Amino acid sequence: INAEYMGGNIMKFTEGGFRDWGYEVACSEFRDLCVTERESWVLENLELGLTNPEDNAKALESGYDLMTKQQQDALIKEVEGVISSIGTSHGNGRWKDMLLIRDTIADITLQQIMTRTQQFHVIVTMALNGAYISDALVAQIGGIGMAPSANLNYQTGRAIFEASHGTAAKYAGLDKANPTGLIFSGDMMLRHLGWREASRLIMRGVRRTLRDRTVTYDLKRLYPVADGAKELRCSEFAEAVVANM
């Protein structure tokens, strides 16, 4: 058995199921606030004058003429469903100001978060893909030492905030590790609690410290020698953040 083919089919019922559930939640709980990417295509076609569902369907799928009659009918039914359900509420350009929901497979996502970063605001995914994607994202701003994390219970309001990296036992007691991820986690906690004044002070301190090129060892090695970045110990970086508030 082709292992890749087998794995792909398993993923259709796990990650594919998660994707379907995501669309279901978005479109049932937040229908007035969001539009799916595919719905946006139908609405845009409608605004371009393709009011006939079949013409809209042909524009939606370039391979329409190669489809079976059953597939074409299903596509036309999909277009009619979009128009009848949200054509009035989301049409005439209203969808452009709404939250756009779309899905991409993991491999192209890992490429596009590098090449089209501005297109991503919130990523909803399963745990393993989330680990890959979050590490790839934080690599763009210096590495895992910069990454905060939060676990939020939106029903009770309770939450836990911590750096997303592990314990890094080999650095214990060396006063060396980058504390920024933990500092950012603390900032998220303060904002969650509503203490925005303290949050602003912390972020101001971090921005000024990084702007001055005073950084821990992991960031220092990313700077060209000519840039003159200064390496600080963990405690020294924290002191610099406080001084820069």
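These legends describe close-up views of a predicted model. Local features need pLDDT of at least 70, side-chain atom pairs count only at pLDDT 80 or more, and totals for chains, interfaces and linings use all residues. Residues are numbered from 1 along each chain as its sequence is written, and side-chain values use heavy atoms, without hydrogens and water.

**View A. Helix 2 crosses helix 4.** Arg38, Glu39, Val42, Leu43 and Leu46 of helix 2 meet residues of helix 4, including Leu75, Glu78 and His90 (contact means heavy atoms within 4.5 Å).

**View B. Strand 3 pairs with strand 4.** Strand 3 (residues 148-152) and strand 4 (residues 159-163) run antiparallel over 5 bridges (strands pair if DSSP finds at least two bridges between them). Serine 149 has glutamate 162 as its bridge partner. Between the strands lie 6 residues. Glycine 157 in this hairpin takes a positive phi near 85 degrees.

**View C. Helix 2 meets helix 4, by residue class.** The contact has 8 nonpolar, 2 polar and 3 charged residues (Ala, Val, Leu, Ile, Met, Phe, Trp, Tyr, Cys and Pro count as nonpolar; Asp, Glu, Lys and Arg as charged; the others, Gly among them, as polar).

Terms used
Axes are lines fitted to C-alpha atoms, for helices over the stretch in contact, and angles run from 0 to 180 degrees between N-to-C directions. Helices (H or I, at least four residues) and strands (E, at least two) are DSSP runs, numbered from the N terminus.
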